[in-house]
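Here is a quick, friendly walk through one protein model. Take a moment to look it over before reading on.

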Amino acid sequence: MIDYRLILVDSAVLCGVIGALVGLSFRLGPRIWLRSLPKDIQELAEPMTSAERRWAAIMGLLIVGSLFSGLVMSTVRFGSGHGFLPAILHAYLVFQAFNLFDLLVLDWGMMQLIDPTKPPIAGTENARGYRDFGFHAGKSLKGVMLGIPFSAVAVAVAWLVPS
């Protein structure tokens, strides 16, 4: 049994939390997202400093941790009475709702807000990557496959939580 209302509510909360983290961090230090941007932008920008690499790692852990804990909490709310495979499907659908939000809002949406002639990362002016929607679509497709094991592990952890 699929609980679409629960999927929508939990996905909206997850997207709001992670969207706020990404948006704020991009606003404060866009260079920490260099590794997530197309190669031409990475090549034009100065290498990340050790402090930027640390912040990138911290943000990465916060985002992956938020995504994972969100899937675990949503699975706990879904309940273990439905069986393991329905629980994985539930977690996977929450994951994919976030994956779609990431593509449409965080990647494509934010890229549309960037003026390539005045980009947030110095030295990357007029980089074609700022309009490379295929790059982000490709990463999103990887998320379609990554969501399967990620969701299965989240469900396994959720089932360890006493009810």
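This is a predicted model: local features need pLDDT of at least 70, side-chain atom pairs count only at pLDDT 80 or more; totals for chains, interfaces and linings use all residues.

Let's start with helix H5, which runs over residues 133-158. Those 26 residues reach 35 Å from the first C-alpha to the last, close to the 38 Å expected at 1.5 Å a residue. H5 does bend, though: there's an angle of about 40° at Leu146. A proline, Pro149, follows within four residues of that spot.

What sits at the N-terminal end of H5? Asp132 caps it. A side-chain oxygen of Asp132 lies 3.3 Å from the backbone nitrogen of Gly134.

Some of H5 is tucked away. Its buried residues include His136, Ser140, Gly143 and Gly147, and Phe150, Ser151, Ala154, Val155 and Ala158 are on that list too. Look at the numbering with the helix in mind: an α-helix has 3.6 residues a turn, so residues three or four places apart point the same way. As for what covers the buried residues of H5, helix H3 (50-78) and helix H4 (84-113) are among the elements that do.

Now step back to the loop between H4 and H5, where you'll find Glu125. Is Glu125 buried or partly exposed? Its relative accessible area is 39%, so Glu125 counts as partly exposed. Leaving aside residues up to four places away in sequence, Glu125 touches Pro116, Thr117 and Pro119. The side chain of Glu125 also reaches the backbone nitrogen of Gly123, at 3.2 Å. Compare Glu125 with Gly147: the two are 22 residues apart in sequence and 34 Å apart in space, C-alpha to C-alpha.

On to charges. Side chains of opposite charge can pair when their charged atoms come close. How many salt bridges does a search of the whole structure find? The search finds two, and here they are:

| Salt bridge | Closest N and O atoms |
|---|---|
| Asp10 with Arg77 | 2.9 Å |
| Arg31 with Glu52 | 2.7 Å |

Asp10 counts as buried, at 12% relative accessibility.

In the other pair, Arg31 lies in the loop between H1 and helix H2 (39-44), while Glu52 lies in helix H3, so this pair ties together parts that are 21 residues apart in sequence. Arg31 is buried, and Glu52 is buried as well.

Methods: Residues are numbered from 1 along each chain as its sequence is written. Side-chain values use heavy atoms; hydrogens and water are left out. Helices (H or I, at least four residues) and strands (E, at least two) are DSSP runs, numbered from the N terminus. The expected span of a helix is 1.5 Å times one less than its number of residues. The bend at a residue is the angle between axes fitted to the seven residues ending there and the seven starting there. Buried means under 20% relative accessible area, exposed over 50%, partly exposed in between (1.4 Å probe, protein chains only). Contact means heavy atoms within 4.5 Å. A polar contact is a pair of N or O atoms within 3.5 Å; within protein, one must be able to donate a hydrogen and the other to accept it, and residues adjacent in sequence count only if both atoms are side-chain atoms. A salt bridge is a side-chain nitrogen of Lys or Arg within 4 Å of a carboxyl oxygen of Asp or Glu.
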